[in-house]
Amino acid sequence: MTTLVLDTGALIALERGDRHLWTRLYTADHPSDVQVPTGALAQAWRGSPRQASLARALKLSEEVPLDGQIAREAGALCGQTGTVDVIDASVAVTAAEAARRGDVGVVTSDRSDIGPLLAELGASARIVDV
């Protein structure tokens with residue numbers, strides 16, 4: 001199965017009931033087949049009871065911490081590309097790492113932001129629009 005890396009837009013789509021994404025979550029062999037960078041989670045999470053569906057989705061996925069190594073790589077990537085969104089950069093870094101292990105799709109609402117970051121990393125990740 002293709003590993004999916006979800007950005008903030010994908011998390012919002014899950015919260016809004018995107019059937020295609022929910023199907024991918026339910027058909028994943030392992031939670032690690034769907035990765036959620038914690039920076040993207042922080043952008044989407046508000047702790048509201050209305051986010052119960054997002055909380056369920058997180059139980060079907062693997063949260064990838066924004067640790068020191070990813071933070072440094074994301075910061076450097078922003079410097080290399082002249083961008084400022086370190087969360088988008090952390091999504092790209094997470095996807096690039098997953099791509100080293102197999103087929104990866106980045107589920108995003110920001111193709112124009114994520115695409116150049118993945119290209120700079122030379123990552124062979126597909127972009128899946130929500």
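I began with the cavity: P37, T38, G39, V64, P65, L66, I70, S90 and T94 line the largest one. For my notes, a cavity is a set of points on a 1 Å grid over the protein atoms alone where a 1.4 Å probe fits but cannot get out, and lining residues have an atom within 4 Å of a point. I then looked up which elements give two or more residues to that lining, and they are α3 (38-44) and α6 (86-99). Helices here are DSSP runs of H or I with at least four residues, strands are runs of E with at least two, and both are numbered from the N terminus.

Two reminders on the source. This is a predicted model, in which local features need pLDDT of at least 70, side-chain atom pairs count only at pLDDT 80 or more, and totals for chains, interfaces and linings use all residues. Residues are numbered from 1 along each chain as its sequence is written, and side-chain values use heavy atoms, with hydrogens and water left out.

**Cavity, continued**

How many cavities of 30 Å³ or more does the structure hold? I found one. The largest cavity has about 30 Å³ of space, where volume is the space filled by probe spheres set on the points, and grid points are joined across faces, edges and corners. I sorted its lining by class and got five nonpolar, four polar and no charged residues. In that scheme Ala, Val, Leu, Ile, Met, Phe, Trp, Tyr, Cys and Pro are nonpolar, Asp, Glu, Lys and Arg are charged, and the others, Gly among them, are polar.

Next I picked Q35, which sits in strand β2 (residues 34-37). Is Q35 buried or exposed? Q35 is buried, at a relative accessible area of 7%; buried means under 20%, exposed over 50%, and partly exposed in between, with a 1.4 Å probe and protein chains only. Leaving out neighbours within four places in sequence, I listed its contacts (heavy atoms within 4.5 Å); they include T3, E62, V64, T94 and R101. With E62 there is a side-chain to side-chain polar contact at 3.5 Å. A polar contact is a pair of N or O atoms within 3.5 Å; within protein, one must be able to donate a hydrogen and the other to accept it, and residues adjacent in sequence count only if both atoms are side-chain atoms.

**Strand β4**

Strands β1 (residues 3-6) and β4 run parallel and are joined by four bridges; two strands pair if DSSP finds at least two bridges between them. Four bridges also join β4 to β5 (residues 126-129), again parallel, with D129 as the partner of T108. Five of the five residues of β4 (residues 104-108) are buried. V104, V106 and T108 point one way, and G105 and V107 the other.

**Helix α1**

Last, I checked α1 (residues 8-15), where six of eight residues are buried, so the helix is largely enclosed by the rest of the structure. The buried ones are T8, G9, A10, L11, A13 and L14. Their cover includes β1, α2 (19-27), β2, α3, α4 (52-59) and β4. At the helix start, a side-chain oxygen of D7 comes within 3.0 Å of the backbone nitrogen of G9. Just after α1, I noted G17 with a positive phi of about 90°.

Methods. 1 Å grid on protein atoms, 1.4 Å probe; cavity = no way out; pocket = protein on both sides within 12 Å on 5 of 7 lines; lining within 4 Å.
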